[in-house]
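Here is a short report on aromatic rings and their surroundings in one protein. Look at the sequence and the structure first.

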Amino acid sequence: MDIQLLKASQQHTEVIKNLMQFYMYDFSEFVDLDVEADGLFAAYKNLDDYWKDENRFPYIIQKDKKYIGFILVRFIETAQRNYLSIAEFFVMKKYRRKGIGKSI
């Protein structure tokens with residue numbers, strides 16, 4: 001299994017936006033999310049900041065050169081400590097439970 005975690009470039013913005021639709025669909029079972037009049041979920045708030053803010057890091061997950069998910073990471077700075085936080089993590093259903101999360 002050829003799994004790669006790639007730092008997402010600006011060119012990956014649309015890929016993550018598209019994968020985000022599946023992510024929000026999965027979460028709509030647990031939180032109050034509905035599609036809008038165009039049949040799509042609303043855009044993920046502040047997604048573009050992941051390419052502008054030096055404390056945010058977008059990643060793409062690929063398997064055999066196919067996009068299968070993404071990870072959005074934030075650097076959090078507090079008075080007590082600094083740490084990295086996974087803001088969002090998504091792997092397409094057909095690739096889940098195969099150890100991908102552990103391997104990256």
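The text below moves from a strand pair to the rings.

**The hairpin**

This is a predicted model. Strand 3 (residues 66-77) and strand 4 (residues 82-91) run antiparallel, joined by nine bridges. Four residues lie between the two strands, and together they form a hairpin. Within this pairing, Phe 70 stands opposite Phe 90 of strand 4.

**The aromatic pairs**

How many aromatic pairs does the structure hold? There are four. One of them joins Tyr 23 and Phe 27: the ring centres are 5.0 Å apart and the planes meet at 55°, so this pair is tilted. Both residues sit in helix 1 (residues 13-27), four residues apart, which is about one helical turn. Tyr 23 is buried, because its relative accessibility is 9% and the cut-off for buried is under 20%. Phe 27 is partly exposed, at 38% relative accessible area.

Phe 70 and Phe 90 form another tilted pair, with 5.6 Å between centres and 35° between planes. Phe 70 belongs to strand 3 and Phe 90 to strand 4, so the pair ties together parts 20 residues apart in sequence. Both of these residues are buried.

Now put the rings together. Tyr 23, Phe 27, Phe 70 and Phe 90 make up one aromatic cluster.

**Charges over rings**

Arginines also lie over the faces of tyrosine rings, as the table lists.

| Arginine | Ring below | Distance to ring centre |
|---|---|---|
| Arg 56 | Tyr 50 | 5.3 Å |
| Arg 81 | Tyr 83 | 4.3 Å |

Notes:
Residues numbered from 1 in each chain as written. Predicted model: local features only at pLDDT ≥ 70, side-chain atom pairs only at ≥ 80, totals over all residues. Heavy atoms only, no water. Pairing = 2+ DSSP bridges. Phe/Tyr/Trp six-rings, centres within 6.5 Å; stacked < 30°, edge-to-face > 60°. Buried < 20%, exposed > 50% of the residue type's maximum accessible area, 1.4 Å probe, protein only. Lys NZ or Arg CZ within 6 Å of the ring centre and 35° of its normal.
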